[in-house]
Amino acid sequence: MYDKFDQGLKISKAQIKNIKLLHQKKYRQQYKKIFVEGVRLVEECMATSHIETLIVSQKNELNDRINNIVKQARALQIPVITATEKEFEQISDTCTPQGVALVAHTTEKQIDFKNASFILVLDHIKDPGNVGTMIRSADWFGCDGILLDAQSVELNNPKVVRSTMGSIFRIPCVETRDLYQQLLQLKKDGFRIIAADGNAETSSYDLKKSGKDVVVIGSEAEGLSENLLPLFDKTVSIPKQGAGESLNAAVAAGVLLYQLSR
């Protein structure tokens, strides 16, 4: 069983074992917790999530930025535990640990569809780096939320979380088991459904925001799901200027989000 950490104690072998369990999807889902590491991500998470405990490497205890994180944690009555450099490396999921991490409860933010005007939808996007980059771009361009289908990579995958650079803690991201029904409802609610399609005749240059837009990005390998095609009001392609064979899905998403945010 995943036990809470005791305040004021140094990290134990049991705690190391429990944290390492969170590197696996099934345990993240079972315990509804994630392990977040790195100065910037911890700072972002501290401001928006329910934190169970903060872990600091003894090697970095005197780092000013980490010290501020520790002070904030204590002010919020979040338990702070310390680990040796070797112990921290055992729980780390990165090649170069920064010496600060936390365990947080996962609480899915709901999208306010009633007041939303700009939503990004990910269809079968399985690369964690792409998903993280798209969440980061959606945050930059003012999306009101992101929908992912069940075949896309798990939102709490550590690589996804790191790739978002903290955006995942700000923008509502929702995993849906039935993307078709979700898009159908958005369509009924007056949203225009736009999909990226490399073979579409309509250019992304002609896109103008309508005030209620949904942008759908499909997998680079598989394309858009066939069952979703009847729901699209418009498919657009990004005009090619050079000799490249194709655009990365995250890059394509960024281009379309930019077009519609102007």
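Predicted model: local features only at pLDDT ≥ 70, side-chain atom pairs only at ≥ 80, totals over all residues.

Student: Why is the pair of tyrosine 27 and tyrosine 31 called stacked?

Tutor: The ring centres of tyrosine 27 and tyrosine 31 are 6.1 Å apart, with 15 degrees between the planes. Rings count as a pair if their centres lie within 6.5 Å, and as stacked if the planes are under 30 degrees apart.

Student: Where do tyrosine 27 and tyrosine 31 lie?

Tutor: Both belong to helix α2, and they are four residues apart, about one turn of the helix.

Student: Why is tyrosine 27 called buried?

Tutor: The relative accessibility of tyrosine 27 is 18%. Buried means under 20%, so tyrosine 27 counts as buried.

Student: What makes cysteine 95 exposed?

Tutor: Its relative accessible area is 83%. The term exposed applies over 50%, and therefore cysteine 95 is exposed.

Student: Is cysteine 143 buried or exposed?

Tutor: Cysteine 143 has 9% relative accessibility and therefore counts as buried, the limit being 20%.

Student: How do you know that cysteine 143 is in no disulfide?

Tutor: The nearest cysteine sulfur is that of cysteine 173, and it is 9.9 Å away.

Student: Let us turn to the strands. What makes strand β2 mostly covered?

Tutor: Strand β2 spans residues 50-57, and seven of its eight residues are buried.

Student: How do you know that β2 pairs with β4?

Tutor: Two strands pair if at least two bridges are found between them. Six bridges join β2 and β4, so they pair, and the sense is antiparallel. Histidine 50 stands opposite histidine 105 in β4.

Student: In what sense do β2 and β3 pair?

Tutor: They pair in the parallel sense, over four bridges, and β3 consists of residues 80-83. Leucine 54 has valine 80 in β3 as its bridge partner.

Student: What is the order of the strands in the open sheet of seven strands?

Tutor: The order is β7-β6-β5-β10-β8-β11-β9, with parallel pairing.

Student: Why are β7 and β9 called edge strands?

Tutor: Each of them pairs on one side only.

Student: How do you know that β5 and β6 pair?

Tutor: Four bridges join β5, residues 118-123, to β6, residues 145-149. At least two are needed, so the two strands pair, and they run parallel. Isoleucine 119 stands opposite glycine 145 in β6, and leucine 120 is opposite isoleucine 146.

Student: Why is β6 described as largely enclosed?

Tutor: Five of the five residues of β6 are buried, so the rest of the structure largely encloses this strand.

Student: Which residues of β6 point one way, and which the other way?

Tutor: Gly145, Leu147 and Asp149 point one way, Ile146 and Leu148 point the other way, and all are buried. In a regular strand the side chains alternate between the two faces of the sheet.

Student: What is the volume of the largest pocket?

Tutor: It is about 790 Å³. The largest pocket is lined by 28 residues, and those closest to its centre are Thr106, Glu108, Leu155, Asn156 and Glu175. Its lining includes two or more residues from each of α2, β4 and β7. By class, ten of the lining residues are nonpolar, nine polar and nine charged.

Student: How much space lies in the second largest pocket?

Tutor: The second largest pocket has about 680 Å³ of space. Its lining has 24 residues, with Asp197, Gly198, Ser246, Leu247 and Ala252 the closest to the centre.

Key:
Residues numbered from 1 in each chain as written. Heavy atoms only, no water. 1 Å grid on protein atoms, 1.4 Å probe; cavity = no way out; pocket = protein on both sides within 12 Å on 5 of 7 lines; lining within 4 Å. Points joined across faces, edges and corners; volume = space filled by probe spheres on them. Nonpolar A, V, L, I, M, F, W, Y, C, P; charged D, E, K, R; others polar. Phe/Tyr/Trp six-rings, centres within 6.5 Å; stacked < 30°, edge-to-face > 60°. Buried < 20%, exposed > 50% of the residue type's maximum accessible area, 1.4 Å probe, protein only. Disulfide = S-S within 2.5 Å.
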